[in-house]
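Thank you all for coming.

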Amino acid sequence: MSEFVIVTDSSADLPAGLVRELGVEVLPLSFTIQGNTYRNYPDDREMDPAVFYKMLRDGEAATTSAVNVAEYTALLEPLLQAGKDVLVLAFSSGLSTTYQSSVIAVNELSEQYPDRKLFTVDTLSASLGQGLLVWHAVQEQKRGQSIEAVRDWVEENKLRLCHWFTVDDLHFLKRGGRISAATAVVGTMLSIKPVLHVDDEGHLISMGKARGRGASLTALVDHMEETATDVDTVFISHGDCLSDAQKVADDVRERFGTKDIVINNVGPVIGAHSGPGTLALFFLGTKR
């Protein structure tokens, strides 16, 4: 059986140490702030997340750009030339054109390297939800599954990858068109915190509201209690609010006995749109 490599992009928000442990390749997406463009590597080599979120808190606006076809080709072609097959697990098509770029690159390279197996999957996931799906794919790979079997597992299970999150500052969702200006103003005045998830089409959807930060964090774990089928491995990402992430992790441990919890920053590519104080909980469940 040919060796195959799993490739994802940096919107998966996987910590650098876990990337090395899993043996996956990560294609960095780009973000622009203060007129300068940076690439979002897992090891944060171009900008520390704390610096990025301080800029946002100070009023700076950040923009993001998807990976283009040439960038995908530059990463994938050397792997194919080395005789490896490749499975790409891409950022949700509901939030970015990154997946569409991967499709074009994969189709072009498949013609050039007909003896290699090369597939791409739209994960319909984001942040450590995408990261957790990559983690599960690697576990299937380690069990000796073929590239086709791992691809099929991801396709069959991606809509069980639950994303529940809340934000602390409604301004960023307003700017991104997720909520109206009036909702943002009233919500801020009343300390209303939205509870959102990523739906079956990979879009951000508001699912409810909580009064105050503490209630919104509890609501995330309440949703986990309703649908979780795998409580052994849980991922949590945060927009420069580690203490809140640890509170949610403690709640998860207390309710489910979960031992394997990965906590990492929401990277700049997603953080530009969700803002400081974003807190997200990811797990496998019966449905999204």
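Let me begin with a question: are Phe-52 and Tyr-53 buried or exposed? Phe-52 is buried, and Tyr-53 is buried as well, where buried means under 20% relative accessible area, exposed means over 50%, and partly exposed lies in between, with a 1.4 Å probe and protein chains only.

Before I go further, a word on the basis of all this. What you see is a predicted model, in which local features need pLDDT of at least 70 and side-chain atom pairs count only at pLDDT 80 or more, while totals for chains, interfaces and linings use all residues. Residues are numbered from 1 along each chain as its sequence is written, and side-chain values use heavy atoms, with hydrogens and water left out.

Now to the aromatic residues. Rings of Phe, Tyr and Trp, the last by its six-membered ring, are paired if their centres lie within 6.5 Å, and planes under 30 degrees apart count as stacked, over 60 as edge-to-face and the rest as tilted. By this rule the count comes to three aromatic pairs. In one of them, Phe-31 and Phe-52 have ring centres 5.4 Å apart and planes at 80°, so this pair is edge-to-face. Phe-31 belongs to strand β3 (residues 29–33) and Phe-52 to helix α2 (residues 49–57), so the pair ties together parts that are 21 residues apart in sequence; helices (H or I, at least four residues) and strands (E, at least two) are DSSP runs, numbered from the N terminus. Phe-31 is buried, with a relative accessible area of 1%, and for Phe-52, also buried, the value is 0%. The rings of Phe-52 and Tyr-53, in turn, have their centres 5.3 Å apart and their planes at 75°, so that pair is edge-to-face. Taken together, Phe-31, Tyr-38, Phe-52 and Tyr-53 form one aromatic cluster.

Staying in strand β3, we also find Ser-30 there, which is buried at a relative accessible area of 11%. Not counting residues up to four places away in sequence, Ser-30 touches Thr-37, Tyr-38, Arg-39, Thr-64, Ser-65 and Val-269, with contact meaning heavy atoms within 4.5 Å.

Arg-45 lies over the face of Tyr-41, at 3.8 Å from the ring centre, and Arg-151 lies over the face of Phe-119, at 4.4 Å from the ring centre.

Next, helix packing. Two packed helices are described by the angle between their axes and the distance between the axes. The axes are lines fitted to C-alpha atoms, for helices over the stretch in contact, and angles run from 0 to 180 degrees between N-to-C directions.

Helix α5 (residues 127–142) packs with helix α6 (residues 147–157) at an angle of about 145°, and their axes are 9 Å apart. From α5, the contact draws on Leu-133, His-136, Ala-137, Glu-140 and Gln-141, and from α6 on Val-150, Trp-153 and Val-154. By class, the contact of α5 with α6 has five nonpolar, two polar and one charged residues, where Ala, Val, Leu, Ile, Met, Phe, Trp, Tyr, Cys and Pro count as nonpolar, Asp, Glu, Lys and Arg as charged, and the others, Gly among them, as polar.

Helix α9 (residues 213–227) and helix α10 (residues 242–256) pack at about 40°, with axes 10 Å apart. Among the residues that meet here are Leu-217 and Val-221 in α9 and Val-248 and Phe-256 in α10. By class, the contact of α9 with α10 has six nonpolar, one polar and six charged residues.

Leu-109 lies in helix α4 (residues 98–112) and counts as buried at 1% relative accessibility; leaving aside neighbours within four places in sequence, Leu-109 is in contact with Thr-73, Leu-76, Glu-77, Leu-80 and Leu-118. His-203, in the loop between β9 (192–198) and β10 (204–211), counts as partly exposed at 29% relative accessibility. Asp-85, finally, is in strand β6 (residues 85–90) and counts as buried at 2% relative accessibility; Asp-85 and Ile-6 are 79 residues apart in sequence and 8.8 Å apart in space, C-alpha to C-alpha.

Key. A charge sits over a ring if NZ of Lys or CZ of Arg is within 6 Å of the ring centre and within 35 degrees of the ring normal.
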